[in-house]
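Me: Please take me through the contacts in the structure shown below. State each cut-off once, where the term comes up.

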Amino acid sequence: MRIIIGLFGLAFGLLIVWASLTGDFWAAGSFLTSDPWGIVSLVDLYLGLFLFGVIIALVERRPFAVLLWCLPLPFLGNLWTVLWFVVRWRKIREWAGHAVASVRGQGQKAL
């Protein structure tokens, strides 16, 4: 899964390079901020990035690491998210395993 995420990130990075070379960033930005659905899309993007920052804060133990991973999010977006997933894949799996075990343990106590 880590490789697949990395490949999607690479493809996304190439798409950004292509759009940068062929598109008009400022015209697209003007359209996005003038159209209601463009505004909804931007709010959706930044809400998702904020929520992902919360996930990072839950997984990372050191405050410096949280800042290192969260501060670039508004500027680099999901390309940075992909990098975090690739770099932290083992830690994510470990954290998820503990979370599942905790939920299972709570369920057994309720029975």
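Me: Which residues of H3 do Leu32, Thr33 and Ser34 of H2 meet?

Reply: The model is predicted, so local features need pLDDT of at least 70 and side-chain atom pairs pLDDT 80 or more, while totals for chains, interfaces and linings use all residues. Residues are numbered from 1 along each chain as its sequence is written, and side-chain values use heavy atoms, without hydrogens or water. Helices are DSSP runs of H or I, at least four residues, numbered from the N terminus, and contact means heavy atoms within 4.5 Å. On the H3 side, Leu32, Thr33 and Ser34 of H2 meet Pro36, Gly38, Ile39 and Leu42.

Me: How is H2 oriented relative to H3?

Reply: Helix H2 covers residues 25-34, and its axis is 5 Å from that of H3. The two pack at an angle of about 100° (N-to-C directions, 0 to 180 degrees, axes fitted to C-alpha atoms over the stretch in contact). This angle makes H2, relative to H3, roughly perpendicular (65 to 115 degrees; under 35 is roughly parallel, over 145 roughly antiparallel, the rest oblique).

Me: How is H1 oriented relative to H5?

Reply: Helix H1 spans residues 2-22, and its axis is 9 Å from that of H5, at an angle of about 155°. That angle makes the pair roughly antiparallel.

Me: Which residues of H5 make the contact with H1?

Reply: From H1, the contact is made by Arg2, Ile5, Gly6, Gly9, Phe12, Gly13 and Ile16. One of these, Ile5, touches Val82, Phe85, Val86 and Trp89 when neighbours within four places in sequence are left aside. The H5 side of the helix contact consists of Asn78, Leu79, Val82, Phe85, Val86 and Val87.

Me: Which elements give two or more residues to the largest nonpolar core?

Reply: That core has 12 residues, among them Ile5, Leu49, Phe52, Val59, Leu73, Val82 and Trp89. The elements giving two or more residues to this core are H3 (36-59), H5 (73-87) and H6 (89-110).

Me: Is Thr81 buried or exposed?

Reply: Thr81 is found in helix H5. Beyond its neighbours within four places in sequence, Thr81 is in contact with Leu49, Phe52 and Leu73. Its relative accessible area is 9%, so Thr81 is buried (under 20%; exposed is over 50%, partly exposed in between, 1.4 Å probe, protein chains only).

Me: How far apart in space are Lys91 and Val59, C-alpha to C-alpha?

Reply: Lys91 lies in helix H6 and is partly exposed at 26% relative accessibility. Leaving aside neighbours within four places in sequence, Lys91 is in contact with Val59, Glu60 and Arg61. Lys91 and Val59 are 32 residues apart in sequence, and their C-alpha separation is 7.8 Å.

Terms used:
A nonpolar core is a set of buried Ala, Val, Leu, Ile, Met, Phe, Trp, Tyr and Cys residues joined through side-chain atoms within 4.5 Å.
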